[in-house]
Structure formats: C-alpha cells, structure tokens
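These are my notebook entries on one structure. I set down what I looked up, one topic at a time.

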Amino acid sequence: MTLIAPGRSVGVLGNGQLGRMFGLAARTMGYRFVVYGPDAKGPASQIADQTIIGAYEDLDRVREFAGCVDVLSFEFENVPAATAAAAEALTRVRPGPRVLHTCQHRLREKTHLLSASLPVAAFGAVQSAVEAESVAERVGMPGVLKTAASGYDGKGQAKVLQLEDAAPAFESLGGVECIYERFIEFEREVSVVAARGEDGRFAHYGLFENSHQNHILDLTRSPARVSSATARRAEEITRVVLESLEVVGVLCVEMFLTGDGELLVNELAPRPHNSGHLSIEAHETSQFEQQLRAVAGLPLGSTAPRAAAAMANLLGDLWANGSPRFADALREPAVHLHLYGKTGPKPGRKMGHLTALASTPDEAAEKVLKARESLVLPLSEIE
Ligand code: AMP
C-alpha cells in the first residue's frame, strides 16, 4: 500500500464546491492541491496552489495534470472513460475508473446493485419508444423514465403514470438510452456517506435524512429519524456497495425508505455528497478529510458524531433582492456558514450551505431553517 504523505500533491478533476472543500482539507493537512477544470475561476481553483485549464476530453492536457499530482480524485462521476484511463496510466486514480464506469450509468449501476443482492426498485432498460411501452407494462406503473447517462438533480427524468405516457416520455428525454423504474411511494429519502481505505477499512457517518425541493437537496438531518434497525440495515447495504465495487475513497448511497420499513437503493455518488456537508462540523472527521485520507493511503479518521445536526442548502434564489443578511443568520452561535465563492447567483444554483448543531435532529433543523429564513426576512418577522 503506497502512502502519499503530506507535502506531496493531490489533484481533483472538476472545479466546483466539492473540489473546493476537498482542497481545503488537503491544504490543512499540508498537501499541495492542484485542480483540473475548464477555467481558473471556479470554487476549487480559488483555493488551489495550481489550476490546469483544459477540457475533460483533452487527453494531452489531462496527462499533463496527471503527471504533476501523486494522486488524483474526482468531484463528479461523469468523467469520460478515456480521461480516467489516460490519467491512470500516469498516476494513482482513486476511486478507480471501474467505479466511475459503473456509477456514471444508471443501468450499469442498478445491474451491479442487483448482482450484489442489494434492494432496488424494479427496473428495465429502454432503447426505443416501443420498448418504453413494453417495459412500463412489464415493470408496472406509475414509473419514472430516466436517461441512463449524465442525469443529476432530477434532470433527464419523466414520470410515466399510464401506458400512453411512456413513448412521449422517451421522446421528451431525447430518444437516448434510458432506465425505466417503478415509482416508489417512499416515506423518507435517506443516505449513507461512507469511506473505504486502501487497506479495506470501512467507516460510515450513520444515516442522514434528506428532503428535496424541485429535485434539489434542500435539508439534511443527522441522524435520520428512523429506528436503529433501519439505520443498521442502511449502513450494512452501504458497506456491501463499497466492498463490491472495491471503492477507495468516499461514496454516498442514496436510498428510499418505504412505509413498510423497506430500504431501496436509488443512486450512488462515488465522492463526497451534499448530504455529507454537515460532517464538517458534526463529525470528528469531515467527509472531505476522509476522502483525502482514503485516496492518499492514510488511515481513515473517526466518524463519531459530535452532535445532532442539520444542513440547509443556499440556492441563488436567496440573492434575488441583493446580498443575503449573513450576520442575521449567524445570530444563533451554533449555525455555521459556508459559501463556495461563486459569482453570478442564479435560481437553483448551489451557492453555499448552513449547518446547525443541536442535541436532536429536529432542533438542529429548526435552527438552520430559521437561520436561512433570516437571510432574506427581517428577524422581527420570524420571531
Ligand atoms: P435521482 O436523480 O435518481 O436521484 O432522482 C432525483 C429524485 O427524484 C429523487 O431524490 C426522488 O425524489 C425522485 N425519484 C427518483 N427515482 C424515483 C423512483 N423510482 N420513485 C420515486 N421517486 C423517485
């Protein structure tokens, strides 16, 4: 097992907030941090020692990047296979290209989960409008048709309530390869963020509970308000996912919890995840430090919780009437602000997040939501 010791160089492919928070952890521990991305203005570049500017498909440029880092990781999974392979010929790439290959394609991902005997919603592959109908009939309705590749935050999805919806749904998604899934009437959406080290050690952050607005994560509570048996089962599912894919790094398993207490895996993200941002304050080792430790071959850190917590995303909508009132949001001392350095707030764009610590997840959620409201409303109107 090779150790990439502090002082050496770590690289991230991608220039967003996940890369930025990974880079901050790397710099704290004395690593040189290099970013690869399409420009030098993104959130990760702002805190990097160096940015190598290039397109993700520019293999010569990617090789140049790989040649100047001792280990390379990712902040999103939709990296062309050729890019990951070009990098791997020159440096250590974690998680490896096989993990990316599986997780960047919903059909491959669900097929892998099934082969590992993990629970997923009934699904089928769809390559044509005719097949959309036959698969919807076979799998059952209502269902969701999703593009097999490059979907995120609910993009590239269409609901199928009845048979007549299936072919138009397929056409509306551009006629590309899709997965059809049975629609799950879930009670809660939950996730487990976990890490696996080079030595096979596994560590998880427990079960998080997530709520979404317009398909974008809005609020995460830790721990999830579920029975301990459900939490243990979700953690066990997650361990099997990381082991079956031989992940070295951080991976998030998003799941649905049904009214009958059944857990179904919806999606894998082979990197730190938005639902794990609260680990920066709420756990002994953040998901970003853990990613660094895992990919550098260091021992994993403790994931013990320091407190119950809640995280609320800050979308560009909050900037509609000018700069939010940050000082008001921070009046509660257990609330912490993270801004990603993005210019040009747009509706739906993730600009930052707030985390609150408390003794219960509900109390933390109440604090963080109140803090977020106070960004745009006078405190007198909230209290
Ligand atoms: P995804 O991009 O697969 O994470 O889907 C985004 C969101 O759409 C999820 O967080 C769910 O709220 C919803 N969703 C996706 N797939 C299903 C499904 N099979 N049943 C019910 N809701 C779903």
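Which residues have the most contacts inside the largest nonpolar core? I worked with a predicted model, in which local features need pLDDT of at least 70 and side-chain atom pairs count only at pLDDT 80 or more, while totals for chains, interfaces and linings use all residues. Residues are numbered from 1 along each chain as its sequence is written, and side-chain values use heavy atoms, with hydrogens and water left out.

**Entry 1: the cores.** I found that V241, L245, L251, M255, V265 and L268 have the most contacts inside the largest nonpolar core, which has 29 residues. I took a nonpolar core to be a set of buried Ala, Val, Leu, Ile, Met, Phe, Trp, Tyr and Cys residues joined through side-chain atoms within 4.5 Å. Buried means under 20% relative accessible area, exposed over 50%, and partly exposed in between, with a 1.4 Å probe and protein chains only. At least two residues of this core come from each of α4 (97-103), α5, β10 (186-196), α8 (228-244), β13 (249-258) and β14 (263-269). Helices (H or I, at least four residues) and strands (E, at least two) are DSSP runs, numbered from the N terminus. With five residues, α8 gives the most to this core. I also noted a second, separate core of 21 residues, which includes F33, A44, A296 and Y340.

**Entry 2: M255.** I listed its contacts (heavy atoms within 4.5 Å), leaving aside neighbours within four places in sequence; among them are V190, V192, A234, I237, L263 and V265.

**Entry 3: α5 and V120.** In helix α5 (residues 106-115), I recorded R106, L107, E109, K110, H112 and L113 as buried. V120 lies in the loop between α5 and β6 (123-126). Why does V120 count as buried? V120 counts as buried because its relative accessibility is 15%. Not counting residues up to four places away in sequence, V120 touches K110, L113, L114, L264 and V265. The C-alpha atoms of V120 and L263 are 8.2 Å apart, although 143 residues separate the two along the chain.

**Entry 4: the ligand.** I counted 16 residues around the ligand, the closest being R106, K146, I184, E189 and E267. An oxygen atom of the ligand is 3.3 Å from an N or O atom in the side chain of H215. The protein covers 94% of the 470 Å² of accessible area (Shrake-Rupley method, 1.4 Å probe) that the ligand has on its own.

Terms used: A residue is near a molecule or strand if one of its heavy atoms lies within 4 Å of it. A polar contact is a pair of N or O atoms within 3.5 Å; within protein, one must be able to donate a hydrogen and the other to accept it, and residues adjacent in sequence count only if both atoms are side-chain atoms.
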